Amino acid sequence: MKLAIIGGSGAIGSTTAFLTAQKGIYEEIKLLGRKHNVLKHHAMDMEHAMMPFSGTKVTAAEYAGMGDCGVIFIAAGAPERKVETREEYLRDNIKVVDEIAENIRKYNEDALILTATNPIDVFNFYLYKKLGRDRMKMLGFSANDSLRLRWALAERFNLDFHKIEGCCLGEHGESQVPLFSSVKYEGIPIKVDDEIKYEIKSRLVNWFLEFQNLDAKRTSSWTSAVTASEVLEAIGLDSGKIIPCSVPLEGELGYENVSMGMMVSLGKDGVREIILPTLTEKEKSDLDLAADKIRNQIAHLSI
């Protein structure tokens, strides 16, 4: 299977290409984007960097060359700037996404598409409608939220990160919904009281603000590369691994006309199954709010 990365010259695209290529799962990773000299630069460098690790080829390509790719990872976006929320990227990135959609329609008929352009849930649903493809092959990249939930829990309770199970659903953004009712450590449920829930949720939201206030003109590429390469690995290996991704919903948990983060089983054809959680009343209420927020953002777009 071949993978195309649109935005391959950028921070998320290039770091994800590097980590995914190391795994040796894909026959070829094609880097696409506007900065052709940078794409070629990355490809030439990674050709040597991959030799000790895998036989995956990393090449610079044009849109016309992605017709034989089974997976397309969209990591392109307008230049990074200081924002208060991820939804501010909506007006910056709509032209970028429209151009990408046109080229995908023109050059690739049936690839699985993984979108990391913010706001992810909005653009995943937008592309789903624009391209008219199977919703189970339209994924929004949102695994970072769950990783950061486990990080916050590990720090708050002084626990081993690797032994914590926990996930965030809903919006990739301030309205993310940590499922505290499902958090486990070494397979045993952890009781998290309301005060700590508020503390951890605040920390997750404030992390983004602190990160943005550094005004480094960079996104969280290292973290994104780790979790995106995990998603791409599950797809490439057809493993069925369960990972949080945004997916267009058609009645699951009562939601329609929206894409939201859900736990999904992944394979070479996309989502094998959407894993529906048991929710507390508060968690369901919070998901309702997240769904309404995403729908309101979608309403600003012409679909």
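Trainee: What should I know about the model before I start?
Mentor: The model is predicted, so local features need pLDDT of at least 70 and side-chain atom pairs count only at pLDDT 80 or more, while totals for chains, interfaces and linings use all residues. Residues are numbered from 1 along each chain as its sequence is written, and side-chain values use heavy atoms, with hydrogens and water left out.

Trainee: Let's start with strands. How do β1 and β2 pair, parallel or antiparallel?
Mentor: β1 and β2 are parallel, with five bridges. Two strands count as paired if DSSP finds at least two bridges between them. The strands themselves are DSSP runs of E with at least two residues, helices are runs of H or I with at least four, and both are numbered from the N terminus.

Trainee: Which residue in β2 is opposite Ala4?
Mentor: Lys30 is opposite Ala4 there. Ala4 also has a bridge partner in β4, namely Ile72.

Trainee: How many bridges join β1 and β4?
Mentor: Four, between β1 (residues 2–6) and β4, in the parallel sense. β4 also runs parallel to β5, again joined by four bridges. In that pair, Val71 has Leu112 of β5 as its bridge partner.

Trainee: Which way do the residues of β4 point?
Mentor: In β4 (residues 71–74), Val71 and Phe73 point one way, Ile72 and Ile74 point the other way, and all are buried. Buried means under 20% relative accessible area, exposed means over 50%, and partly exposed is in between, using a 1.4 Å probe and protein chains only.

Trainee: And how many residues of β2 are buried?
Mentor: Five of five, in the strand that covers residues 28–32. Glu28, Lys30 and Leu32 are on one side of β2, with Ile29 and Leu31 on the other.

Trainee: New topic: which residues touch the most others in the largest nonpolar core?
Mentor: Ile6, Met260 and Leu266, out of 78 residues in that core. A nonpolar core is a set of buried Ala, Val, Leu, Ile, Met, Phe, Trp, Tyr and Cys residues joined through side-chain atoms within 4.5 Å. Another core, of 14 residues, lies apart from it and includes Ala154, Ile164, Cys168 and Ile200.

Trainee: What is Met260 in contact with?
Mentor: Beyond its neighbours within four places in sequence, the contacts of Met260 include Asp121, Gly170, Cys245, Tyr255, Leu287 and Ile294. Contact means heavy atoms within 4.5 Å.

Trainee: Is Glu171 buried or exposed?
Mentor: Glu171 counts as buried, with 5% relative accessibility. Glu171 is in the loop between β8 (168–170) and β9 (176–178). Leaving aside neighbours within four places in sequence, Glu171 is in contact with residues including Asp121, Asp145, Lys293 and Gln297.

Trainee: How much space is in the second largest pocket?
Mentor: About 540 Å³. On a 1 Å grid over the protein atoms alone, a pocket is an open set of points with protein on both sides within 12 Å along at least five of seven lines, and lining residues have an atom within 4 Å of a point. Grid points are joined across faces, edges and corners, and the volume is the space filled by probe spheres set on the points.

Trainee: Which residues are closest to the centre of that pocket?
Mentor: Glu165, Gly166, Cys167, Pro244 and Met263, out of 21 lining residues. α5 gives the most to the lining, with four residues.

Terms used
On a 1 Å grid over the protein atoms alone, a cavity is a set of points where a 1.4 Å probe fits but cannot get out, and a pocket is an open set with protein on both sides within 12 Å along at least five of seven lines; lining residues have an atom within 4 Å of a point.
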